[in-house]
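Subject: Model for your review, with notes

Dear colleague,

I am passing on the structure that we discussed, and I would be grateful if you could look through it when you have time. My notes come after it.

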Amino acid sequence: MNRLSRFLSTLIVAAGALTLPASAQVVGEVGVDWIGNDIIIEAVPDPQIKGVTCHVTYFERGIIDRLKNGNWFEDPSNNSISCRQTGPIEIDKINLGKGGEEVFRQGRSLIWKDLLVKRIYDKTNDTLIYLAHSRQVVDGSAKMAISTIPLYGQEVTWKNGKP
């Protein structure tokens with residue numbers, strides 16, 4: 001491998017690492033049929049809020065299903081999310097806009113589809129909202145899941161002051 005190829009490979013890996021807001025850890029894998037399809041469960045800690053962990057599930061197609069049904073490089077958009085307080089809550093600087101902030105992203109196809117988790121702060125109800133959805137460049141996806149963590153009555157440390 002020449003020096004330019006090594007440099008470009010390193011650059012691509014580094015760019016990919018910068019686009020991932022949080023890392024996930026696989027904590028469960030459930031086989032659903034004899035052809036290798038699985039449900040994967042990942043724990044995703046919120047990188048800006050200590051003490052909050054989301055568990056995200058998604059469907060991963062096996063090789064036999066891919067060969068049988070085609071669409072080799074894509075998994076379904078089905079997902080679920082559940083977020084809970086897993087320690088003392090300490091909130092760093094977060095996006096307070098209605099569009100929220102991306103907490104986690106994972107590719108679900110070779111190029112066009114991502115599984116996203118966004119966090120939105122509902123100031124009126126003092127609640128953190130986590131939305132899991134699929135982003136498809138071509139025709140989007142209406143499949144989504146939501147989880148909330150009410151902060152009312154909790155001991156919460158806001159590093160930059162409560163908004």
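What follows is an account of the fold, the strand pairing, the charged and aromatic pairs, and a few individual residues.

Please keep in mind that this is a predicted model, in which local features need pLDDT of at least 70 and side-chain atom pairs count only at pLDDT 80 or more, while totals for chains, interfaces and linings use all residues. Residues are numbered from 1 along each chain as its sequence is written, and side-chain values use heavy atoms, with hydrogens and water left out.

The protein has two helices and nine strands, where helices (H or I, at least four residues) and strands (E, at least two) are DSSP runs numbered from the N terminus. Their order along the sequence is α-β-β-β-α-β-β-β-β-β-β. Of the 163 residues, 34% count as buried; here buried means under 20% relative accessible area, exposed means over 50%, and partly exposed lies in between, with a 1.4 Å probe and protein chains only. Contacts (heavy atoms within 4.5 Å) with a separation of 6 or more are made to 49% by residues 24 or more positions apart. The protein exposes about 10000 Å², and carbon and sulfur atoms supply 58% of that area, with accessible areas taken from the Shrake-Rupley method with a 1.4 Å probe, where for residues only the protein chains shown count as cover.

Two of the strand pairings involve strand 4, and two strands are said to pair if DSSP finds at least two bridges between them. Strand 3 runs antiparallel to strand 4 over nine bridges, and Cys54 stands opposite Cys83 of strand 4. Strand 9, in turn, pairs with strand 4 in the parallel sense over three bridges, and Ile89 stands opposite Val156 of strand 9.

Side chains of opposite charge can pair when their charged atoms come close. Five salt bridges were found in a search of the whole structure, a salt bridge being a side-chain nitrogen of Lys or Arg within 4 Å of a carboxyl oxygen of Asp or Glu. One of them joins Asp46 and Arg119 at 2.7 Å, N to O, and this pair links distant parts of the chain, since Asp46 sits in the loop between strand 2 and strand 3 (49-60) and Arg119 in strand 6, 73 residues apart. Asp46 is buried at 6% relative accessibility, and Arg119 is buried at 1%.

Another salt bridge brings Lys159 and Glu90 together at 3.5 Å, N to O. Lys159 lies in the segment after strand 9 (156-158) and Glu90 in strand 4 (residues 79-91), so the pair ties together parts that are 69 residues apart in sequence. Lys159 counts as partly exposed because its relative accessibility is 45%, and Glu90 is likewise partly exposed, at 25%.

Lys162 and Asp126 form a salt bridge at 3.0 Å, N to O, which links the segment after strand 9, where Lys162 lies, with the loop between strand 6 and strand 7, where Asp126 lies, 36 residues apart.

Most residues other than glycine have a negative phi. Asp126, although not a glycine, has a positive phi of about 50°; this residue is in the loop between strand 6 (113-122) and strand 7 (127-136), and it counts as buried because its relative accessibility is 13%.

The search for aromatic pairs found one, with rings of Phe, Tyr and Trp (its six-membered ring) counted as a pair if their centres lie within 6.5 Å, and with planes under 30 degrees apart called stacked, over 60 edge-to-face and the rest tilted. Tyr121 and Trp158 make this pair, which is edge-to-face, with 5.3 Å centre to centre and 70° between the planes. Tyr121 lies in strand 6 and Trp158 in strand 9, so the pair ties together parts that are 37 residues apart in sequence. Both Tyr121 and Trp158 are buried.

Finally, Asp38 belongs to strand 2 (residues 38-45) and is buried at 15% relative accessibility. Leaving aside residues up to four places away in sequence, Asp38 touches Glu29, Val30, Gly31, Val32, Tyr58, Phe59 and Glu60.

With kind regards
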